[in-house]
Amino acid sequence: MEVLQHILKTQGTGVSIIDLEFKSIENLEELLPQLANFSNLKELNLHGNRLAYLPDDLSLLDTVEVLDISNNIFSDLSQVVDALSTMPNLIHLEITLQSKEEEQFILECLTNLQILNSQKINGDQEEPDETLEQQSEQQSERSISAVQDITLQQYDLEQMAILYDSIREYKKDEQEDKQFDQQIRTIMLDLQSKLKQNNPDHLTNLFILTAKFNLYEICFKSIMKHFKVNDKKLDVIITKIHDMHLQIFNDMSNVIQNHKSQSKNTSQVIENKKQVNQIQQGDKAVENRLRQELSELQQQNAELEKENKRYLDLLIKHSKGDRSSLPNSEHLIKQNDSYQSQNYTKNHQSSTIQQNNAIFQSKQSQNITSVPQQINVRHLTLKQLKDVINEIYESKQKFDQKCAESKLPRETMEQHMYTFLNQKYGLKSLIIEWATSIINALKKYSAEDNDVAVFGKILRNECDEEFRFVQTQVKNTMQELLKMYLRGKFPLKHQAEIKEMLNQRINGQLYEEEAVDIIKYMYNQEDSELLLNKLKQYYIVPQKNPDRRLTREEQLSLLQERDKYKLEYSVFQKIILDFQLKSHEKYLKKFIVTFKQMDTDANGIIDENEFRNLIEVLNFGAEDLDIQKYLNIIDPYSHQQITFSQCVTLFSSESVPGSNGQIQILQKISEQ
């Protein structure tokens with residue numbers, strides 16, 4: 001891994017802390033030999049990666065004392081715990097847990113732990129103090145009740161923060177961030193201290209409600225402060241509402257605090273808990289049997305996972321044209337749960353690029369049917385493929401929005417296709433089946449349909465994701481121009497009649513004169529002549545006169561249309577869209593070539609250093625301050641993951657001095 005190699009070169013093997021946070025790591029086993037070189041390594045941060053499992057043997061990390069594996073995608077906690085048990089000096093663990101039971105399971109299995117998720121572990125738990133056991137039971141019951149009734153979760157804090165950001169944006173005041181963070185910290189520390197006390201359930205719920213109230217009270221006071229300065233009348237009204245609301249909440253809190261009957265229920269719960277514990281202690285044989293069955297199921301699950309991984313590796317091997325000579329460390333899977341087969345970005349041959357917008361190079365076009373027979377390859381129709389593409393587009397748009405809100409890096413379209421399939425189907429066999437089907441359908445329909453061709457080029461990072469919106473706008477513009485033409489030619493016709501004629505043209509054929517008018521309106525003279533010459537081979541020759549006698553109206557209509565050529569609207573639209581796509585490819589050609597030179601691992605993502613090198617090679621006159629500004633826009637949280645589409649969008653929106661004033665960066669690059 002480049003990060004570890006860089007640390008070895010710059011700091012040597014004596015470092016004690018290694019930070020691999022958000023590096024998209026999916027297989028830790030490949031990194032173990034490199035990590036073992038750091039003989040003084042004490043702390044290892046693997047937060048926010050894509051680890052679904054850990055290597056069974058982590059004894060090479062025998063010096064590591066602090067390990068952070070939170071915010072990964074582990075599917076089997078028992079496998080993770082078994083792997084962690086092979087680390088002899090592990091005393092501090094950070095891991096994302098879903099329940100109290102999972103936390104207890106880790107404490108039972110990893111007895112050497114001193115700190116779990118930033119909380120010290122009490123080493124006196126085994127003392128047979130009856131009072132402590134009673135307090136523990138009361139605390140357990142209280143926690144269960146609180147979870148069932150009222151909770152304060154991360155989601156609540158995020159919603160309140162979103163609301164506060166909206167208020168701050170409305171006030172256009174960014175000076176309150178520090179106060180806001182301090183207030184949040186004070187409220188949560190106060191709640192934490194109260195929840196540690198030995199209180200009845202109703203008081204625990206009250207403390208949580210009070211904390212929620214105080215959190216939103218921050219928003220309330222912020223907006224009141226704004227109106228106090230800008231609108232005093234509204235301030236008086238809001239202040240009265242706030243004071244009444246506060247009084248009602250305080251009165252309700254007093255009622256809850258004076259409630260005493262809860263203590264009897266608490267005593268009864270404790271008594272019932274003791275009885276349950278006695279029953280559980282008398283049934284150890286059943287417990288042992290269940291543990292044995294659980295162990296067998298875990299073993300079967302591990303075997304199934306290995307089999308699924310073997311199928312996935314085979315698919316990757318065949319889809320890459322059996323490139324077994326490449327090193328495994330850099331050219332195999334890049335996204336474990338996303339199942340990145342990287343079918344779109346490596347070893348393009350020049351002859352293949354020029355043939356009908358082919359999706360895969362010649363090596364990759366070898367028989368995909370060589371995938372093991374256990375995988376059922378679907379044969380998608382064009383409509384089914386376009387439906388899947390639209391679903392991926394919609395999912396990607398929502399996912400990008402969530403990433404922006406959560407301050408996480410964006411995925412490429414190729415990465416998200418596998419993320420989408422993983423979320424939709426879950427099972428690796430189905431993911432492989434659908435991925436293979438989509439790949440085959442892209443190869444089959446790319447030359448036939450422009451939308452399919454655009455999607456394939458986006459996957460290969462030969463076209464930016466936002467270009468699909470340009471194509472949609474072109475389609476709408478063509479229809480609007482046709483509608484304008486029909487209105488001008490038939491000014492006396494009603495709106496409904498014009499709409500019906502428009503639908504007939506779109507779903508059928510349009511006349512030569514209509515196609516010519518649209519093209520000349522949209523393009524300059526040179527492009528218009530090129531497109532009109534291309535249309536000539538697709539015109540439909542008018543039919544001859546029928547043998548039967550025609551009515552006067554039919555004769556008049558035939559006379560008017562005798563010399564008019566027609567053209568299928570779908571063909572006309574495809575010619576225009578293909579022309580747009582080729583023009584866009586020509587516009588991006590130099591940028592694409594340079595980007596691929598920087599993108600050494602060919603995954604459509606570059607880091608900050610590669611981004612700086614990209615700007616230096618493109619040589620459009622950017623200074624250090626300009627580069628820093630671009631980085632603040634494209635990678636504000638320094639994730640070191642900048643996608644191809646993000647670069648195109650940035651360089652399309654930012655301008656630099658040109659020969660005739662300010663021009664877009666991409667335009668200057670294409671003119672060089």
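Guide: The side chain of Lys475 makes a polar contact with the side chain of Asp451 at 3.0 Å; a polar contact is a pair of N or O atoms within 3.5 Å, where within protein one must be able to donate a hydrogen and the other to accept it, and residues adjacent in sequence count only if both atoms are side-chain atoms. This is a predicted model, in which local features need pLDDT of at least 70 and side-chain atom pairs count only at pLDDT 80 or more, while totals for chains, interfaces and linings use all residues. Residues are numbered from 1 along each chain as its sequence is written, and side-chain values use heavy atoms, with hydrogens and water left out.

Lys475 is found in helix H18, residues 467–489; helices (H or I, at least four residues) and strands (E, at least two) are DSSP runs numbered from the N terminus. With a relative accessibility of 18%, Lys475 counts as buried, given that buried means under 20% relative accessible area, exposed over 50%, and partly exposed in between (1.4 Å probe, protein chains only). Leaving aside residues up to four places away in sequence, Lys475 touches Asp451, Gln573 and Leu577, where contact means heavy atoms within 4.5 Å.

The loop between helix H17 (450–459) and H18 holds Asn461. Asn461 is not a glycine, yet has a positive phi of about 60°. Most residues other than glycine have a negative phi. Asn461 is buried at 9% relative accessibility, and Cys463 is buried as well, with a relative accessible area of 1%.

H18 is also among the elements packed against by the buried residues of H20, together with helix H19 (495–507), strand E7 (509–511), helix H21 (525–535) and helix H23 (569–598). In helix H20 (residues 512–522), the buried residues are Glu514, Ala515, Val516, Ile518 and Ile519.

Aromatic rings continue the picture. Rings of Phe, Tyr and Trp (its six-membered ring) pair if their centres lie within 6.5 Å; planes under 30 degrees apart count as stacked, over 60 as edge-to-face and the rest as tilted. By this rule the count comes to 11 aromatic pairs. For Tyr523 and Phe579, the ring centres are 5.3 Å apart and the planes stand at 85°, so the pair is edge-to-face. Tyr523 lies in the loop between H20 and H21 and Phe579 in helix H23, so this pair ties together parts that are 56 residues apart in sequence. Tyr523 is buried at 12% relative accessibility, and Phe579 is buried with a relative accessible area of 14%.

Phe620 and Phe651 form another edge-to-face pair, 5.6 Å centre to centre and with 65° between the planes. Phe620 lies in the loop between H24 and H25 and Phe651 in helix H26 (residues 644–653), so that pair ties together parts that are 31 residues apart in sequence. Both Phe620 and Phe651 are buried. They belong to one aromatic cluster, which is formed by Phe591, Phe595, Phe611, Phe620, Tyr630, Phe644 and Phe651.

Asn619 is found in the loop between helix H24 (608–618) and helix H25 (624–634). Asn619 has a positive phi of about 55° although it is not a glycine, and Asn619 counts as exposed at 56% relative accessibility.
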